[in-house]
Amino acid sequence: MAAVARWCVNRRLAVVLLWITALVGLTAAAAAAGSAYSTTYDAPGTESGHAASLLSAAFPAQAGDSETIVWHTPAGRTVRAGDVERTMTKVLDRTRTLPGVTSVTGPYEPSGGAGRISRDGRTAYATVDYARSVDSISRSQAQALVDTAKAAERPGLQVELGGQAIGTTEGAGAHLSELIGVAVAAVVLLLAFGSFAAMLLPIATALVGCGTAYMGIQLLGHGMTVADFAPMLGMLIGLGVGIDYALFIVTRHRRALKRGLSVARAAEEAIATTGRAVVFAGGTVCVALLGMLILRLDFLDGVAVAAVLTVLLTVAASITLLPALLAYIGPRALSRRQRRALAERRLADGGHDAPAEPPSGFAVRWSALVERHPKVLGSLAAVVMIVLALPTFSLHLGTSDQGNGPATSTTRQAYDLLSQGFGPGTNGPLTLVATTAPAGGGIPSAAARLAFDRLPDALRGIPGVASAGPADFDPSGAVGVITVVPDSTPQSGATSRLIDTLRADVLPTAEQGTGLRVYVGGTTASFDDFAAAVVGKLPLFVGTVVGLGCLLLLVAFRSIGVPLKAAVMNVAAVGSSFGVVTTIFQWGWGSEWLGLGRAGPIEPFLPVIMVSVLFGLSMDYQVFLVSRIYEEWCDTRDNRRAVRVGLAETSRVISSAAVIMIAVFLAFVLSGDRVIAMFGIGLAAAVALDAFVLRTLLVPALMHLLGDANWWLPGWLERRLPRIGIEPRPAAVPAVQWTSVAAADRPVTPVAPVPQLRRVR
């Protein structure tokens, strides 16, 4: 690592130009290629997926996306009023001429229009069909539809729009959230460093790394399935870890400068020590993220690869671009006051290197307090984590829809108008797709077709069914479709039970002895199937991520206790953060006030992605805290002293890093995207609890209570473990002795050894 830093410092112009070239080149390529993100989250092999495939093949005209225009009149007027009908007829005629639109079906047509007007006559809707799927509809096309429909709105006539393509026009706050997160990080860094130049470096490094990754993800979407939220999620993770990693390295560099080292030597030491820890921490994040691949879900594979790409590039920028930038700013990494103090100390010491400054202030007093009262403080921390985790036991996985959006959005208002005018199930109809021909192909069975024709009558008598449309067949008669509207909302348990009843009881009875095979599909059924597929694989996924994390820490710190405690702490952080997410998004506590929409289920893929990210981020703080404790333990074999020194020396930088990451994550709540807001709040809560409750309170308290057992490792395992971890080497500078804390909570001053990390050969 020192050689890498030396090369980057000596060739700093080349390094900076290489990164700029990569960023500009990928930006140009991404602009030329365009985006190809997916908004379809399907699990392979599900019944709803098979139904969708049959429907697409048999009715290609219906394979494109459908949007909805809804209009509503106040009390005393109806949508059949002459002026309303004329206005909306003109709107629908103009809509038919929009690019990509294949057909528009409205309520004023002679045949079939009456079913699109509510019983009270005050709400009506029209369906706009596109030739292509929502992934292929540009934002400008969707905005053209919004503008055309909204132009008819006036006092006495409310016009709203719903549909997936329309939803893409509402998420306009992504870049604002990024700017706010970066601005807050800049303030924290300026307060921590006292130097404007030093403040800029972590931000510049993270932005270059994340920007390069963002463009790479856009190109990645042309080669594999990448979810539409993956780029923003990558930015969320990348900005957080990128700024933090650079913060740790710059902090170490500044500490070396304060000892009187040259800029080049300080940069080399920072990369050779903290840079190695950054690589290890980034590796653990990547391992946790790649755990998503075992789920074998295409769109999650894309999310995993995109997030890993972002982390890898931010780590690469931290150990290559950052030392080059440190060489450019020179001693200005220190504040003017610090530079003057260093010059005065060197003058007083005859030009020799100065000893490292001892930690002082609140960090030392807190470390001493934890040492004196580990049982009380540890118990208090455990109670906090348990209480926050309790809502997790009511976690309901499902897919939110536009009914969970902010109350002011047009998609939410269209959803509510349809629900009030036509019933709650209108927004989530079920699609029954049947095959009447034998499985291997052949002539459709007359008995199967007759059974399917009669099925709507049987369905109308099933509890939970509001209506069932007539059977419709493709030209060959081999595939039929029936639309069933539940009498409950798409997200309710009653709708899920109806799906189970249809699949387990009603449809098998209709199929018996006829050769008919009916599949339950539609958006609501696909959401249920996807949630079931993810939940079924969660135990394997969590076990894999926890196991790999423990293995990495076992090799790094050569201890059984350290990885086991880390696993428990990580599970605690995940459980508590899920509790916070459940409280806000599922219970709805403050969700409308925060502009996040009303209560609804938690996305089924959220636990998978959050577990991956949280385990990786938790490992960061574990590595930076325990590596310093482990170093002191190797030097002194005194566990109490090691924990006290390690906590005192790392708590301030961990706290600063956590504040930055929390600010970045919370800023993404302003993105306007419910899924990204879930990630932002969940990750912010996890980092806050991890940094301020677990790593600075519960972990050191447990390490004090366990004593030397923290470092126990069977001899046979010690001999077989590879030595690839983060291990210290003796300090090369004068060390100050730590002693016990006096009654007044003041340490007897001198200096702890400067942490050094090496690779054992």
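**Exercise 1.** Decide whether D93 is buried, partly exposed or exposed, and find the residue with which its side chain forms a salt bridge.

*Solution.* Begin with the classes: buried means under 20% relative accessible area, exposed means over 50%, and partly exposed lies in between, with a 1.4 Å probe and protein chains only. D93 has 40% relative accessibility, and therefore counts as partly exposed. The structure is a predicted model, in which local features need pLDDT of at least 70 and side-chain atom pairs count only at pLDDT 80 or more, while totals for chains, interfaces and linings use all residues. Residues are numbered from 1 along each chain as its sequence is written, and side-chain values use heavy atoms, with hydrogens and water left out.

Next, take the partner: the side chain of D93 meets that of R96 in a salt bridge, at 2.8 Å from N to O. A salt bridge is a side-chain nitrogen of Lys or Arg within 4 Å of a carboxyl oxygen of Asp or Glu. Side chains of opposite charge can pair when their charged atoms come close. Both D93 and R96 lie in helix α4 (residues 82-96), three residues apart, which is about one turn of the helix; helices (H or I, at least four residues) are DSSP runs, numbered from the N terminus. R96, at 36% relative accessibility, is also partly exposed.

**Exercise 2.** Work out which helices are linked by the salt bridge between R640 and E371, and how accessible each residue is.

*Solution.* The side chains of R640 and E371 meet in a salt bridge at 3.3 Å, N to O. This pair links distant parts of the chain, since R640 is in helix α21 (residues 639-667) and E371 is in helix α13 (residues 362-372), 269 residues apart. R640 has 43% relative accessibility and so counts as partly exposed, whereas E371, at 10%, counts as buried. Elsewhere, salt bridges that share partners join R628, E631, E632, R641 and E649 into one network.

**Exercise 3.** Describe the salt bridge of E47, and state how many salt bridges a search of the whole structure finds.

*Solution.* E47 pairs with R503, and their closest N and O atoms are 3.4 Å apart. Here too distant parts of the chain are linked, with E47 in helix α3 (residues 47-58) and R503 in helix α17 (residues 493-511), 456 residues apart. E47 is partly exposed at 22% relative accessibility, and R503 is partly exposed at 21%. The search of the whole structure finds 24 salt bridges.

**Exercise 4.** Determine how helix α9 and helix α22 are oriented relative to each other.

*Solution.* The axes of α9 (residues 230-258) and α22 (residues 674-706) come within 10 Å and cross at roughly 20°. That makes α9 roughly parallel to α22, because angles under 35 degrees count as roughly parallel, over 145 as roughly antiparallel, 65 to 115 as roughly perpendicular and the rest as oblique. The axes are lines fitted to C-alpha atoms, for helices over the stretch in contact, and the angles run from 0 to 180 degrees between N-to-C directions.

**Exercise 5.** Locate R454, and give its distance from A471 in sequence and in space.

*Solution.* R454 belongs to helix α16 (residues 446-459). With a relative accessible area of 55%, R454 is exposed. R454 and A471 are 17 residues apart in sequence, and 8.3 Å separates them in space, C-alpha to C-alpha.

Note on methods. Helix = DSSP H or I, 4+ residues; strand = E, 2+ residues; numbered from the N terminus.
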